[in-house]
Every structure is written in C-alpha cells, then in structure tokens.
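Here is a briefing on the structure shown below. It moves from the sheet to the helices, then to single residues.

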Amino acid sequence: MKRTFHRLISYSLTLVCLLTILAVPGRAASVFYSDIPQDAWYMDGVEYVTKNGIMAGTGKGKFSPSEGMTRAMLVQVLYAAAGKPKAPENPFVDVPKGSWYEEASAWAADNGIVSGYEGKKFGGTDPITRQQFVTILWRYAGSPEAKTGRYFSDRSQMADYAREPVNWARAANIISGGDGNKFAPGSVVIRSHCAAILKNYMLMGPKSLDPNNAYVSSARIDPLKQQTFYLWDRNNMPKTTEYTRNTGNYMDDLSFQPSVITYPVPSGTIVKGAVLVLAGGSFQQRSNGTEGYPVADQLSQKGYVSFVVNYRLYPYSMQDAEMDLARAIRFVRHSSGDYGYSEKNIAVLGFSAGAMAAGGMMLDFGDLEDGSSLDGSYRPDELDKISTKVTGNGMIYGFFGNLKTSIKDVERFKEAQLPETFFCYGANDSYATECRGCIKALEDAGVPVKTVELSGMGHGFGLKGDWLGQFDSWLSRIYIHNALIGDR
C-alpha cells in the first residue's frame, strides 16, 4: 500500500457609518456565551472563532461583543490563528516582560505584520481602527495583490497605507460597503465585528456548493467559474477511522465532507497547467486563510488552474487525508479537457502538514490504488481508474515524513519514482534541519530538487518571501518540457 457566498447582513456603526459584513444565517442560540443574542448576526462568527481557538471569552461565560479591540488583542488573535509559533525576542520597549501579548507582538513584528510606532513602541492598549485592522489582516495574508473593483465612497478619508489592503478585503468578500457605500476607516473595531470579519477571512475561498452538481464523480465543469465539489459520493468515503462524536477538540464536525474548490484561470490568460494546494495546520486545522485561498488565487493569476483541497483532519488518520488528495488528483486529471491543460501538467503544492499528506500519498499508495485498500467497504467508481501521478511536487516548510521527523530513506525514495520537487523553508524554522536531511536523501536517490531557503524566516510565512515567483519559474519549465516531449 504504497484538507454561498454568505448572504449580506448589514449592521450599524454608532459613530460614522454602516459597514456590511458577510455572515452565514443564524442558528440556535450560542452554546458558548450568555451575552450573544439568539438572533445576533455575528453569532456564527463568534462561535467559529471560539471553536477554532482564535478568540476566547472575557470571563463568566461572556464574550463582550461590544467591547472595543486593541492592538494587543488583535495580534494575539492572529497569533492564535497562526498556531502560536515560537516567537523571537520582543523588540518593543512598551511591552511588559511576561505580558499576555508579549509573544504575539514579537511574532507579529518579526513577520512584518505590525511595525510599531516611533521609539520602538507597540501601543498595545491603543484601539484598533477599521483601516488598521484590514491592513494588519492583509499583511497577515502575505500582502496579496489587490484586484481592482468598486471603491468605497469615503476612500478619500483612508490613509494611503490602507487603500490597497481595503481593496483586497473588499474584492475577497471579507467586507463590503454599508449605507452610502462607506467603509468608515477611522471607526474602532469591536469584538463582535472582529469575529465576523475573521470568520469571513478564514473561509473566504469557498463558494456555495450546488446541490445538483455536488460531487466530483459527476461534476459539470464551468472553466470560468469558481466551484466547490465533494470528493466522495454520499455514504461511499473510504476511512480508517470511525468518527462518531466531536469532543470539542476537532475542527470539523461529523458532517464534514472532503472537498475541492476550483480557482479558474482568468479569461484571456494562457493556461499553463494545474496545481492542487493543500494548506497546513498540524492536521488539526487547515490554514486556508494564509496558505490555501490566497495562494490558489495568485497561482490562477499566473496561469495555473488551481484547486484547494479540503482534506480530512484529526481524528481521521493521515492516510485518510492522503486518499482525499489522491481522489482530488484523479478529478483534476479527468477535468483537464474542460479547463484546457494537459493531463501531464499537474502538480501539488503542500504547506507543512499539507506537504506531509502529499508526500505520504506518493509513498504509501500506488498511482492506481483506490480507497478499497484502506476500507474494504469502499465501492470503486470510474474515477478510480485514473492515475494519481503528478509531474511536480511543491513542499513549503514541509517534507516527506510526519509532524516529528522527515523521511531520509534513499532506497524508499528510489522505489517510489518521485516527481521533481520544490522545497522552500525558513532558515529559522524548527523544521529546517529535517527539511535539509530529507532534501539530501532525495538528491542521493536521484530526485531532482529545487531548494529555496529563506534567510531570517521561521515557520508559517505563507506568501511572504517572494518564493512563489521562483515556484512559478520552476514549474513552468517542467510544463514546457512536458509540452515539447509530447507523448514520448
């Protein structure tokens, strides 16, 4: 045997204007906090950030939805969303040693998310304004290029630094205009608004799934439209784990179904090939907000039809996640004619745990091995007859191996007949030594490897570091070579 567009809901700002946030329809009363009304438009946002450990209550069973956010609160929230990586020494003179936001502010400064004030001050107790919030979120996402679109009517009131981030947030459907198409850049963000915006940001990629076109086995492809498809037909998903109850420790509920989200190449752009993107998150979450959606979007602008794979997390096994990727590759190869790329020009790009899932699939499963090798009750279908071989493998601060160590077995790598591999990791990453050891073993096995080591970078840098351009050049060369050799 060898990871609806939400309906628009308007809410009032008491100071300056109205700002509309995209939110999902309300459900039953919050199971977390006593001060969240049953019909609160932001309830889903609050429950999402609480369930995923991004925000917490303020004590005594309360969330305090109307309490203003400070700079310290916001960097702590983003630090939690990033998985609380190891932080360097804090550079700010006004951040007390041992304070609850000491590590978060140091991490944010080290990653270019905040720059602080004159005199090396952070200003942790300062209220965070709407334009500051969106700018910090934009930096957290890797400062992606903003698409042009409709501007807010109060754009002239925005600081110059905030204009591109605000354009990005609106184009990404994280925010939209309120009454008079205003953004209110100087208004203070409160906790309920923060929760709603963060949920929209973390889930900004998927569009609504058409119930009449829901599964990859029978997908009707629109090559110019973003679509979402479930990977496995109902009641026919192979698994090694029986998931019967969410104890509160798992990101996905029992109703979760692995899926793939398409990012078509814009009309008029030459299609180079396809890339499947797997965000990391230690198999406990999928960091699509920084490693999935924005990366797939940038790749699609460069000519790669991109697919974000929402693979299974704990309590499912790593092999369950690997089989989700195998299924997604089969769908991508089957759909090559619809999207206009060669079925040879398919690559995977995994971040951290996503890279480990991709590497595991290549080592653990044969290219024609289907879900029945995991689960005897699985019923193979026509897609299972399609190969899962890829022609390129991108590993961003990840490697062949597991969360503890990389594989360095030269003979195993030789036997697997692995594709060309692109590695990118930070020199300061705790995984750097494991990456280097894996790279050496791959090279000893004769696998062509391109390595980009980013000086001063740690783990989880997402789009930062300008590595994506190098990945594009590397993959373009492979795809051009495939076109030149044809069927030989």
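Two strands count as paired if DSSP finds at least two bridges between them. With that rule, Phe229 has Val260 as its bridge partner in strand E5. The model is predicted. Its open sheet has eight strands, and a search of the whole structure finds zero disulfides.

**The sheet**

- The strand order is E4-E5-E7-E6-E8-E9-E10-E11, and the pairing is mixed.
- Strand E4 (228-230) and strand E11 (449-454) stand at the edges. Each has a single partner strand, so one side of each is left without a neighbour in the sheet.
- From one strand to the next, the twist averages 20°.
- Strands of a sheet pair through backbone hydrogen bonds, in either a parallel or an antiparallel sense.

**Strand E5 and its partners**

- E4 pairs with strand E5 (residues 259-263) in the antiparallel sense, over three bridges.
- Thr228 has Ile261 as its bridge partner in E5.
- Ile261 has Val308 as its bridge partner in E7.
- Five of the five residues of E5 are buried, so the strand is largely enclosed by the rest of the structure.
- Ser259, Ile261 and Tyr263 point one way from E5. Val260 and Thr262 point the other way, and all are buried.

**Helices lying across the sheet**

- Helix H10 (residues 353-364) lies across strand E6 (273-278), strand E8 (346-351) and strand E9 (392-396). H10 runs at about 135° to E8.
- The twelve residues of H10 should span 16 Å at 1.5 Å a residue. Its end C-alpha atoms are 16 Å apart, which agrees.
- Twelve of the twelve residues of H10 are buried, so this helix is largely enclosed by the rest of the structure.
- The buried residues of H10 include Met356, Met361, Met362, Leu363 and Asp364. Gly354, Gly359 and Gly360 are also among them.
- The cover over the buried residues of H10 includes E6, H8, E8, E9 and helix H11 (410-416).
- Helix H12 (residues 432-444) lies across strand E10 (420-426) and E11, running at about 160° to E10.

- Eleven of the eleven residues of helix H2 (residues 71-81) are buried, so H2 is largely enclosed by the rest of the structure.
- Arg71, Gln76 and Tyr79 are among the buried residues of H2, as are Met73, Leu74 and Leu78.
- What covers the buried residues of H2 includes helix H3 (102-110), helix H4 (130-140) and helix H6 (191-202).
- Gly83 follows H2 and has a positive phi, near 90°.
- Helix H8 (residues 318-334) has 17 residues. From first C-alpha to last, H8 reaches 25 Å, close to the 24 Å expected at 1.5 Å a residue.
- In H8, 14 of the 17 residues are buried, so it is largely enclosed by the rest of the structure.

- Tyr215 sits in the loop between H6 and E4. Its relative accessibility is 16%, so Tyr215 counts as buried.
- The C-alpha atoms of Tyr215 and Tyr230 are separated by 4.7 Å, with the two residues 15 apart along the chain.
- Leaving aside neighbours within four places in sequence, Tyr215 is in contact with Phe229, Tyr230, Trp232, Asp233, Arg234 and Gln257.
- The side chains of Tyr215 and Arg234 make a polar contact (3.4 Å).
- Thr135 is in helix H4. Thr135 counts as buried because its relative accessibility is 2%.
- Leaving aside neighbours within four places in sequence, Thr135 is in contact with Tyr161, Ala162 and Pro165.

**Cysteines**

- How many disulfides does a search of the whole structure find? The search finds zero.
- Cys435 is in no disulfide. The nearest cysteine sulfur, that of Cys438, is 7.5 Å away.
- That 7.5 Å between the sulfurs of Cys438 and Cys435 is too far for a bond, because a disulfide needs the sulfur atoms within 2.5 Å.
- Cys435 is buried, with a relative accessible area of 0%. Cys438 is buried, with a relative accessible area of 0%.

Methods
Residues are numbered from 1 along each chain as its sequence is written. This is a predicted model: local features need pLDDT of at least 70, side-chain atom pairs count only at pLDDT 80 or more; totals for chains, interfaces and linings use all residues. Side-chain values use heavy atoms; hydrogens and water are left out. Buried means under 20% relative accessible area, exposed over 50%, partly exposed in between (1.4 Å probe, protein chains only). Helices (H or I, at least four residues) and strands (E, at least two) are DSSP runs, numbered from the N terminus. Contact means heavy atoms within 4.5 Å. Axes are lines fitted to C-alpha atoms, for helices over the stretch in contact, and angles run from 0 to 180 degrees between N-to-C directions. A polar contact is a pair of N or O atoms within 3.5 Å; within protein, one must be able to donate a hydrogen and the other to accept it, and residues adjacent in sequence count only if both atoms are side-chain atoms. The expected span of a helix is 1.5 Å times one less than its number of residues.
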